[in-house]
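Look at the structure, then read the points below.

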Amino acid sequence: MRTLVRVVTSAESAARDASAIAAGIPSRALMQRAGAAAASEIALRYHDRLGAGVLVLAGPGNNGGDAWVVARALASAGVRVRVVEPIAAKTADAKAERALTLDAIPSHAVHSGSMPADVDQGEGLVVDGLLGTGAQGAPRGAIADAVAAAKRMRARGAQVVALDVVTGVDATTGVAADDPLVADLTITFGTVKRGHAINRQTAGTTVVVD
(Lines give C-alpha, C1' and ligand atoms only; values in the text may rest on other atoms or scores of the structure.)
Protein backbone atom coordinates (compact mmCIF):
# COMPACT_ATOMS: atom_id res chain seq x y z
CA MET A 1 0.00 0.00 0.00
CA ARG A 2 1.43 3.35 -1.04
CA THR A 3 0.98 6.38 1.18
CA LEU A 4 1.13 9.89 -0.20
CA VAL A 5 3.02 12.38 1.94
CA ARG A 6 2.67 16.10 1.37
CA VAL A 7 5.87 18.08 0.77
CA VAL A 8 5.62 21.73 1.84
CA THR A 9 7.61 24.93 2.09
CA SER A 10 8.18 26.71 5.38
CA ALA A 11 5.30 29.10 4.67
CA GLU A 12 2.97 26.25 3.76
CA SER A 13 3.91 24.41 6.94
CA ALA A 14 3.10 27.49 9.02
CA ALA A 15 -0.21 27.88 7.18
CA ARG A 16 -1.16 24.29 7.98
CA ASP A 17 -0.44 24.89 11.66
CA ALA A 18 -2.47 28.10 11.58
CA SER A 19 -5.37 26.28 9.93
CA ALA A 20 -5.35 23.57 12.61
CA ILE A 21 -5.28 26.20 15.36
CA ALA A 22 -8.12 28.14 13.72
CA ALA A 23 -10.12 24.91 13.61
CA GLY A 24 -9.91 24.66 17.39
CA ILE A 25 -6.71 22.78 18.22
CA PRO A 26 -4.64 24.84 20.69
CA SER A 27 -1.11 25.55 19.48
CA ARG A 28 0.27 24.07 22.68
CA ALA A 29 -1.63 20.83 22.05
CA LEU A 30 0.11 20.59 18.66
CA MET A 31 3.46 21.09 20.40
CA GLN A 32 2.73 18.45 23.02
CA ARG A 33 1.61 15.94 20.43
CA ALA A 34 4.66 16.60 18.24
CA GLY A 35 7.07 16.24 21.14
CA ALA A 36 5.42 13.10 22.49
CA ALA A 37 5.44 11.48 19.04
CA ALA A 38 9.11 12.37 18.58
CA ALA A 39 10.02 10.92 21.98
CA SER A 40 8.21 7.68 21.09
CA GLU A 41 10.10 7.47 17.80
CA ILE A 42 13.41 8.04 19.57
CA ALA A 43 12.65 5.35 22.15
CA LEU A 44 11.66 2.91 19.41
CA ARG A 45 14.67 3.47 17.19
CA TYR A 46 17.40 4.10 19.77
CA HIS A 47 16.46 1.95 22.77
CA ASP A 48 19.98 0.53 22.76
CA ARG A 49 21.49 3.99 23.17
CA LEU A 50 19.20 5.44 25.80
CA GLY A 51 21.21 3.93 28.63
CA ALA A 52 24.02 6.36 27.84
CA GLY A 53 21.67 9.29 28.23
CA VAL A 54 20.29 11.99 25.94
CA LEU A 55 21.43 15.58 25.51
CA VAL A 56 18.60 17.86 24.36
CA LEU A 57 19.49 21.19 22.76
CA ALA A 58 16.49 23.53 23.12
CA GLY A 59 16.24 26.77 21.18
CA PRO A 60 14.20 29.88 22.03
CA GLY A 61 11.23 29.28 19.72
CA ASN A 62 8.59 26.62 19.30
CA ASN A 63 11.14 24.11 18.02
CA GLY A 64 12.71 24.49 21.44
CA GLY A 65 9.27 23.95 22.96
CA ASP A 66 9.06 20.64 21.10
CA ALA A 67 12.48 19.77 22.53
CA TRP A 68 11.31 20.45 26.10
CA VAL A 69 8.38 18.08 25.55
CA VAL A 70 10.76 15.41 24.24
CA ALA A 71 13.02 15.86 27.25
CA ARG A 72 10.13 15.51 29.68
CA ALA A 73 8.72 12.44 27.95
CA LEU A 74 12.07 10.64 27.89
CA ALA A 75 12.80 11.56 31.52
CA SER A 76 9.38 10.24 32.52
CA ALA A 77 10.35 6.94 30.90
CA GLY A 78 13.46 6.73 33.09
CA VAL A 79 16.03 8.04 30.61
CA ARG A 80 18.86 10.23 31.92
CA VAL A 81 18.25 13.54 30.16
CA ARG A 82 20.16 16.81 30.16
CA VAL A 83 18.88 19.98 28.53
CA VAL A 84 21.06 22.84 27.34
CA GLU A 85 19.29 26.02 26.24
CA PRO A 86 21.82 28.45 24.75
CA ILE A 87 19.07 31.10 24.51
CA ALA A 88 16.10 31.16 26.88
CA ALA A 89 12.63 30.23 25.65
CA LYS A 90 10.79 33.21 24.15
CA THR A 91 7.41 31.98 22.91
CA ALA A 92 4.52 31.45 25.33
CA ASP A 93 4.15 27.75 24.45
CA ALA A 94 7.86 27.06 24.77
CA LYS A 95 7.98 28.83 28.15
CA ALA A 96 5.05 26.75 29.39
CA GLU A 97 6.60 23.44 28.29
CA ARG A 98 9.94 24.48 29.76
CA ALA A 99 8.28 25.14 33.13
CA LEU A 100 6.64 21.72 33.13
CA THR A 101 9.90 20.02 32.26
CA LEU A 102 11.83 21.82 34.99
CA ASP A 103 9.47 20.15 37.46
CA ALA A 104 10.20 16.74 35.94
CA ILE A 105 14.01 16.67 35.75
CA PRO A 106 16.73 17.59 38.28
CA SER A 107 17.84 21.21 38.27
CA HIS A 108 21.46 20.18 37.72
CA ALA A 109 20.40 18.57 34.43
CA VAL A 110 19.49 21.95 32.90
CA HIS A 111 21.99 24.51 31.70
CA SER A 112 20.95 27.95 30.47
CA GLY A 113 23.20 30.37 28.62
CA SER A 114 26.53 29.92 26.87
CA MET A 115 27.65 26.39 26.15
CA PRO A 116 29.31 24.74 29.17
CA ALA A 117 32.83 23.41 28.86
CA ASP A 118 31.58 19.95 29.86
CA VAL A 119 28.67 19.92 27.40
CA ASP A 120 29.64 16.41 26.23
CA GLN A 121 29.08 13.98 29.07
CA GLY A 122 29.11 10.85 26.95
CA GLU A 123 25.47 10.76 25.91
CA GLY A 124 24.54 8.39 23.12
CA LEU A 125 22.01 10.77 21.55
CA VAL A 126 21.80 14.49 20.83
CA VAL A 127 18.38 15.99 20.09
CA ASP A 128 18.54 19.09 17.91
CA GLY A 129 15.64 21.34 18.87
CA LEU A 130 17.46 24.62 18.27
CA LEU A 131 15.82 26.19 15.21
CA GLY A 132 12.72 25.15 13.29
CA THR A 133 11.13 25.63 9.90
CA GLY A 134 10.90 29.41 10.16
CA ALA A 135 14.64 29.96 10.53
CA GLN A 136 16.75 31.27 7.67
CA GLY A 137 20.45 31.80 7.26
CA ALA A 138 23.39 30.31 9.10
CA PRO A 139 23.12 29.87 12.89
CA ARG A 140 24.79 32.65 14.83
CA GLY A 141 26.12 33.28 18.32
CA ALA A 142 25.06 30.86 21.03
CA ILE A 143 23.02 28.77 18.57
CA ALA A 144 26.09 28.32 16.37
CA ASP A 145 28.07 27.24 19.45
CA ALA A 146 25.41 24.63 20.23
CA VAL A 147 25.52 23.33 16.66
CA ALA A 148 29.31 23.04 16.91
CA ALA A 149 28.94 21.03 20.13
CA ALA A 150 26.46 18.67 18.45
CA LYS A 151 28.86 18.18 15.55
CA ARG A 152 31.71 17.30 17.92
CA MET A 153 29.54 14.78 19.73
CA ARG A 154 28.47 13.17 16.47
CA ALA A 155 32.12 12.98 15.37
CA ARG A 156 32.93 10.90 18.46
CA GLY A 157 29.99 8.54 17.87
CA ALA A 158 26.78 10.06 19.22
CA GLN A 159 23.69 9.96 17.02
CA VAL A 160 21.93 13.25 16.19
CA VAL A 161 18.14 13.46 16.00
CA ALA A 162 16.71 16.66 14.51
CA LEU A 163 13.22 17.85 15.34
CA ASP A 164 11.32 18.95 12.21
CA VAL A 165 14.42 20.26 10.41
CA VAL A 166 18.17 20.24 10.99
CA THR A 167 19.33 23.52 12.48
CA GLY A 168 21.04 25.56 9.78
CA VAL A 169 19.16 23.97 6.87
CA ASP A 170 16.52 26.12 5.17
CA ALA A 171 13.23 24.22 5.32
CA THR A 172 12.15 25.55 1.92
CA THR A 173 15.32 25.64 -0.17
CA GLY A 174 17.51 23.06 1.56
CA VAL A 175 20.36 25.57 1.55
CA ALA A 176 22.81 25.08 4.40
CA ALA A 177 25.96 26.78 5.58
CA ASP A 178 29.35 25.29 4.83
CA ASP A 179 30.07 22.23 6.99
CA PRO A 180 26.50 21.94 8.31
CA LEU A 181 25.21 19.79 11.13
CA VAL A 182 24.23 16.36 9.82
CA ALA A 183 21.44 14.41 11.48
CA ASP A 184 21.17 10.64 11.57
CA LEU A 185 17.40 10.95 11.95
CA THR A 186 15.02 13.84 11.28
CA ILE A 187 11.59 13.56 12.87
CA THR A 188 9.33 15.95 11.01
CA PHE A 189 5.82 16.90 11.99
CA GLY A 190 2.80 16.40 9.75
CA THR A 191 4.57 16.81 6.42
CA VAL A 192 7.93 16.50 4.72
CA LYS A 193 9.55 19.90 4.29
CA ARG A 194 10.86 20.75 0.85
CA GLY A 195 14.35 21.25 2.26
CA HIS A 196 14.45 17.62 3.41
CA ALA A 197 13.99 16.37 -0.14
CA ILE A 198 16.52 18.79 -1.60
CA ASN A 199 19.22 18.36 1.05
CA ARG A 200 18.82 14.72 1.97
CA GLN A 201 22.42 14.28 3.05
CA THR A 202 21.92 16.49 6.11
CA ALA A 203 18.52 15.10 7.12
CA GLY A 204 19.54 11.47 7.42
CA THR A 205 16.57 9.15 7.68
CA THR A 206 13.40 11.26 7.61
CA VAL A 207 10.33 10.12 9.53
CA VAL A 208 6.98 11.91 9.43
CA VAL A 209 4.89 11.79 12.59
CA ASP A 210 1.30 13.01 13.02
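The buried residues of H1 are Ser-10, Ser-13 and Ala-20 (buried means under 20% relative accessible area, exposed over 50%, partly exposed in between, with a 1.4 Å probe and protein chains only). They sit on the same side of H1 because their arc around the axis is only 90°, taken from the directions from the helix axis to the C-beta atoms. This is a predicted model: local features need pLDDT of at least 70, side-chain atom pairs count only at pLDDT 80 or more, and totals for chains, interfaces and linings use all residues. Residues are numbered from 1 along each chain as its sequence is written, and side-chain values use heavy atoms, without hydrogens and water.

**Helix H1**
- H1 spans residues 10-22, 13 residues in total. Helices are DSSP runs of H or I with at least four residues, strands are E runs of at least two, and both are numbered from the N terminus.
- From first to last C-alpha, H1 reaches 18 Å, close to the 18 Å expected at 1.5 Å a residue (1.5 Å times one less than the number of residues).
- Exposed Ala-11 and Ala-22 lie on the face turned away from the buried side of H1.
- The buried residues of H1 pack against strand E1 (7-8), helix H2 (27-45) and strand E8 (192-193) (contact means heavy atoms within 4.5 Å).
- Gly-24 follows H1 and has a positive phi, near 115°.

**H2 against H3**
- H2 packs on helix H3 (residues 62-76) at about 50°, with axes 8 Å apart.
- Contact residues include Met-31 and Ile-42 of H2, and Val-69 and Leu-74 of H3.

Conventions. Axes fitted to C-alpha atoms, helices over the stretch in contact; angles between N-to-C directions.
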